[in-house]
Amino acid sequence: MAKRAKKYQDAVKLYDKTELYDVAPAFELLDKLPKAKFDETVEAHFRLGVDGRHADQQVRGAIVLPNGTGKTVKVLVFAKGEKAHEAEAAGADYVGAEELAQKIQKESWFDFDVVVATPDMMGVVGRLGKVLGPKGLMPSPKSGTVTMNLTTALAEIKAGKVEYRLDKTNIIHTPIGKVSFGPEKLAENYQALVEAIIKAKPAAAKGQYIKSATIASTMGPGIKLNPQKLGTSSAAK
C-alpha cells in the first residue's frame with residue numbers, strides 16, 4: 001500500500017484537483033501521471049441529472065469503442081441447437097443452456113465477462129437475475145446481448161463493445177481502454193462513449209444532463225472534465 005500511496009501522492013501533485021479540463025488536455029495529463037507496473041485500465045465516470053428509479057429516466061445501452069478496450073473478453077452464450085453451433089463458430093468461450101445456469105447457481109462460477117442469450121433462452125437466464133444482475137452481467141435487448149444474430153453480437157463484443165448503464169447513484173462507470181493506448185486513442189474512445197450517452201438522453205430528463213465527468217486509471221487519481229464541453233453543449237446541458 002505504501003508504494004501505491006506514494007505514486008498516488010506524486011500523481012496528485014501534477015495537476016489541479018479543482019480544475020475542469022477539456023478532453024485533449026485531460027488525456028495528455030493522464031498520460032503524464034506516474035504509471036503502475038501493469039497496463040492500467042482507464043475508466044470514465046459520468047454523473048447524470050436523471051433519476052434512474054423511474055423507468056422513463058433510465059440510461060442504458062452499448063457501443064463498440066473505435067479503438068477497442070485492450071481487454072480479452074470471455075463470452076458466455078446461452079443457446080441451443082443451430083444457434084449453439086453458430087455461437088461456437090463465432091468465437092464464444094462458453095456455450096450451453098440449463099447446465100451452465102446450474103453451474104453458475106451451484107458453483108458460483110463467473111469465469112466470463114459478458115453473457116449473451118437467444119430470446120428463447122431468457123426463461124432459463126431469467127432465473128439467474130439475482131446473481132447476474134448485481135454483477136452487471138444480465139443480458140438485455142437494449143445492450144444487444146439478447147439476440148438471434150449471435151455472429152454479429154460476438155464480433156462486436158470481441159472488437160471492444162462496452163455497455164453503459166446507470167448505477168443506483170445515477171452514475172455511469174465504463175472502461176474506455178488501457179493507459180498504453182495513449183492520449184489520442186483514449187480520447188477517441190471517450191468521445192464515442194459521450195456521444196452515445198448523449199443520444200441516450202431520456203425525454204423525461206430535466207435540467208443539466210451530464211452533471212460531472214471524470215476519468216481515472218486503475219491506480220491513479222480522478223481527473224475532472226468540463227461537462228459543458230462534452231459533445232454538443234445543448235445535449236450535455
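1. Contact is used here for heavy atoms within 4.5 Å, and helices (H or I, at least four residues) and strands (E, at least two) are DSSP runs numbered from the N terminus. The model is a predicted one, in which local features need pLDDT of at least 70 and side-chain atom pairs count only at pLDDT 80 or more, while totals for chains, interfaces and linings use all residues. Residues are numbered from 1 along each chain as its sequence is written, and side-chain values use heavy atoms, with hydrogens and water left out.

2. On the helix pair: Val23, Phe27, Glu28, Leu30 and Asp31 of α2 meet Pro183, Leu186, Ala187, Tyr190 and Gln191 of α8. By class, this contact of α2 with α8 comprises seven nonpolar, one polar and two charged residues, where Ala, Val, Leu, Ile, Met, Phe, Trp, Tyr, Cys and Pro count as nonpolar, Asp, Glu, Lys and Arg as charged, and the others, Gly among them, as polar.

3. On the geometry of that pair: α2 (residues 23-32) and α8 (residues 183-199) pack at an angle of about 135°, their axes being 9 Å apart. This makes α2 oblique to α8, since angles under 35 degrees count as roughly parallel, over 145 as roughly antiparallel, 65 to 115 as roughly perpendicular and the rest as oblique. The axes are lines fitted to C-alpha atoms, for helices over the stretch in contact, and angles run from 0 to 180 degrees between N-to-C directions.

4. On the open sheet: four strands are arranged in the order β7-β1-β8-β9, with antiparallel pairing, two strands being taken as paired if DSSP finds at least two bridges between them. The edge strands, each pairing on one side only, are β7 (171-178) and β9 (223-225), and the twist from one strand to the next averages 25°. Within this sheet, β1 (residues 41-48) and β8 (residues 210-217) pair over seven bridges, and Leu48 has Ile210 in β8 as its bridge partner.

5. Strand β2 (residues 60-64) has Gly61 and Ile63 on its covered face, and Arg60, Ala62 and Val64 on the uncovered one.

6. Leaving aside neighbours within four places in sequence, Thr118 is in contact with Phe78, Ala79, Lys83, Thr147, Met148 and Leu150.

Definitions and conventions
Buried means under 20% relative accessible area, exposed over 50%, partly exposed in between (1.4 Å probe, protein chains only).
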